[in-house]
Every structure is written in C-alpha cells, then in structure tokens.
Amino acid sequence: MSEVAVSQNLSTGARAKAISSDLRSERIRSAWIFLAPTLLILAIVAGWPLFRTIYFSFTNASLTNLGNAQFVGFDNYLSWVTLKSGRTIYRGLLADPAWWGAVWNTAKFTLLSVTIETALGLIVALVLNAQFVGRGIVRAAILIPWAIPTIVSAKMWAWMLNDQFGILNDMLLGLGLISQKIAWTADPQTAMIAVLIVDVWKTTPFMALLILAALQMVPADIYEAAKIDGINPVRVFWRLTLPLIRPAIMVAVIFRMLDAMRIFDLIYVLTPNNAQTKTMSVMARENLFDFDKFAYGATASTVLFLIIASVTVLYIWLGRVKLGGREH
C-alpha cells in the first residue's frame, strides 16, 4: 500500500472519530437540555423544602414562630448539661429513647416486610410466568391490591381487623385457630403483625410485577436446552433463573426498601398511638404539627433523610447494584 493510500485511510479514520465525538457531544448536550426542566422542578419541589428542613433543624422554630427562629446549633440533635453533682444530662433527638424506639420499629418493619414481599413476589412472578389458561386475567387481578390507594387499604383492613365486628376474627374463630377475639391493631403484641399483614397484601404485587418483567427477558432457549439435558427444574431455578434475574431483584428490593423506611400513612391510619409500631416518619410528623415542636420534628426528618441516604448508598455499594438493572 502506497504512502498516499495510508495517509487517506488515516485521514478517513480521524474524520470518522471526529464525527463520532461530535455526535456524542451533541447527544449529551441534548440530554441536558431535555433534563433541565425536570431538574429545575425537582430543585423547587424537593431540593428547597429539604434545605429548609435542614435549616430549621438548627433553630428553635415553632409553627407560630417560623419567621423569627433563632439559630441554636446542634442542640436539637444532641446537647448536655453537667450538674454540680457531676451528673450529666443529655438532651436532643439522639438522646431520646422514643426516637431510637422509632428507629428500631422502622428497621424491623423494613427488614420483615421487604423479605416477605420479595419471597412472595418471586413465587407469584414464577407462577404468572408459566403458561396457563386465563393468565392475562390473573395478571391484571393480582395488581388490584397495589392499585388501591394506601389510605383506602388501611381503612378497609382496619374494619376487617376490628376486634368486635372484624371479619378476620370471625373467620379464625370459625376455624378454631383462636379462642377469643383479638384486638389486632390495639394490642402491642399484635400491632406490628397487623401492619405487616396489610403491607404484604398491598405491596407484594409490586415486587411480583418487577420480577415478572425480569423473568420475561430470560431467553427461552436456555430452558429448552436445560430440558433437553434433563436438568431438574429446581436446579434450573437456582443455577439459571435466579442468577439471571438477580440484578432486577436487587433493584426491586432497593425501591421497596426506600418506600418501607419512610412508611407513614399505613401506620398512621392503623395504629396511630401505638409505641410498638411508631416509625421515624410518624414521630417526625407528630413533633412537626401535633406537639408544635417544629424544630425537633425537622431534626427527626433530617436524620431520617440521612439514614435513608446512607443505607441506600451502602446497599448499592455492597450489592454492586446499578439502577439500570445490571451488576458492576
């Protein structure tokens, strides 16, 4: 090949690379242009309230005195006073036993609900992914609990769980599983169980929907090859299906975990005054509006935000999760 031909090939390659670089730059520029309105709206409706909440957590603000709030530093988070006797008294959110009780309730609810819903959602998704008559109707029907607003679901289940005229107690008495009616939402021993029952009933379809979408992306020829080789279906699930849908399950879990950690409406309707189920969101709301301790409620909201952000980052890092559904 002559030097002229080599020079022409190099020139053509350089032009192609320059065109590709220009196209990429243009795509990036166009993406930012389209995203700019969304980012602006997010900054207004989410960023600004978050900033104000964090600001109020460092003040002595109240509902009747927001404009004249004074800066008090970290006193709402943690402060202490040493008496003449040498005893030290700690104050603030981080020294409040009620707050740590709410943190424990939230963590327990999140762990139990997400675990149960993921397991049941996987089972439901595997059933819906199979071929059977009326599969379309069943797929639509399974989403009804998730489609019902949470407040409506909570009120409906509150009637069903009522200890006097609830249908659940009548059914269990008729089956002989209990000897007397149970106050599911009032008894501290069963309040968390009642909340979990309602949440699992409502949110399992969400997990099943996400996992079903991942199952339908698995190539069918993999299962045909495994069937021809005579591999046991249980082994196919553990060795083929589960590894292939694992990224989607990890993404579904993080979305559900975020929702569970900030649970409010279900708890507030079913068990509003029960210390055994009070979560961080419920406690923050009580201090913000019910107790007129706005700065203290803002502090609780800020710490809740920091906990959720930290758990999310840690989960993504340890689980090697990409929100696009692929692993690193």
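**Notes on the predicted model**

1. Met217 sits in the loop between H7 and H8. Helices (H or I, at least four residues) and strands (E, at least two) are DSSP runs, numbered from the N terminus. Met217 counts as exposed because its relative accessible area is 70%. The cut-offs are under 20% relative accessible area for buried, over 50% for exposed, and partly exposed in between (1.4 Å probe, protein chains only).

2. Residues are numbered from 1 along each chain as its sequence is written, and side-chain values use heavy atoms, with hydrogens and water left out.

3. The largest pocket has a volume of about 440 Å³. A pocket here is an open set of points on a 1 Å grid over the protein atoms alone, where a 1.4 Å probe fits, with protein on both sides within 12 Å along at least five of seven lines; lining residues have an atom within 4 Å of a point. Grid points are joined across faces, edges and corners, and the volume is the space filled by probe spheres set on the points.

4. The lining of the largest pocket has 20 residues. Asn129, Ala130, Tyr223, Val236 and Thr241 lie nearest the centre. Helices H2 (97-129), H3 (135-142), H8 (220-228) and H9 (233-261) each supply at least two lining residues. By class, twelve are nonpolar, five polar and three charged. For this count, Ala, Val, Leu, Ile, Met, Phe, Trp, Tyr, Cys and Pro are nonpolar, Asp, Glu, Lys and Arg charged, and the others, Gly among them, polar.

5. Thr241 belongs to helix H9. Thr241 is classed as buried because its relative accessibility is 4%. Beyond neighbours within four places in sequence, Thr241 is in contact (heavy atoms within 4.5 Å) with Leu215, Tyr223 and Val236.

6. The largest nonpolar core has 53 residues. Such a core is a set of buried Ala, Val, Leu, Ile, Met, Phe, Trp, Tyr and Cys residues joined through side-chain atoms within 4.5 Å. Leu93, Trp99, Phe109, Ile211, Ile245 and Leu266 have the most contacts inside it. At least two residues each come from H2, H5 (150-160), H7 (191-215), H9, H10 (265-270), H11 (280-290) and H12 (294-319). H7 gives the most, eleven residues.

7. Ile245 touches Leu122, Ile211, Ala214, Leu215 and Val218, leaving out residues up to four places away in sequence. Another core, of six residues, lies apart from the largest one; Phe56, Ala61, Ala69 and Phe294 are among its members.

8. Thr110 is in helix H2. Thr110 is buried, since its relative accessible area is 8%. Outside four places in sequence, the contacts of Thr110 are Met257, Ala260 and Met261.

9. Strands E1 (residues 79-82) and E2 (residues 88-91) pair antiparallel over four bridges. Pairing requires that DSSP finds at least two bridges between two strands. Val81 has Ile89 in E2 as its bridge partner. The two strands form a hairpin with five residues between them, and Gly86 in the turn has a positive phi of about 95 degrees.

10. Check Asp292. Most residues other than glycine have a negative phi. Asp292 has a positive phi, near 55 degrees. Asp292 lies in the loop between H11 and H12 and is partly exposed, at 35% relative accessibility.

11. Asn169 is in helix H6 (residues 167-175). Asn169 counts as buried because its relative accessibility is 1%. Leaving out residues up to four places away in sequence, Asn169 touches Leu161, Asn162, Asp163, Ile178, Lys181, Ile182 and Trp184. The C-alpha atoms of Asn169 and Ala95 are 40 Å apart, and the two residues are 74 apart along the chain.

Technical notes: Predicted model: local features only at pLDDT ≥ 70, side-chain atom pairs only at ≥ 80, totals over all residues.
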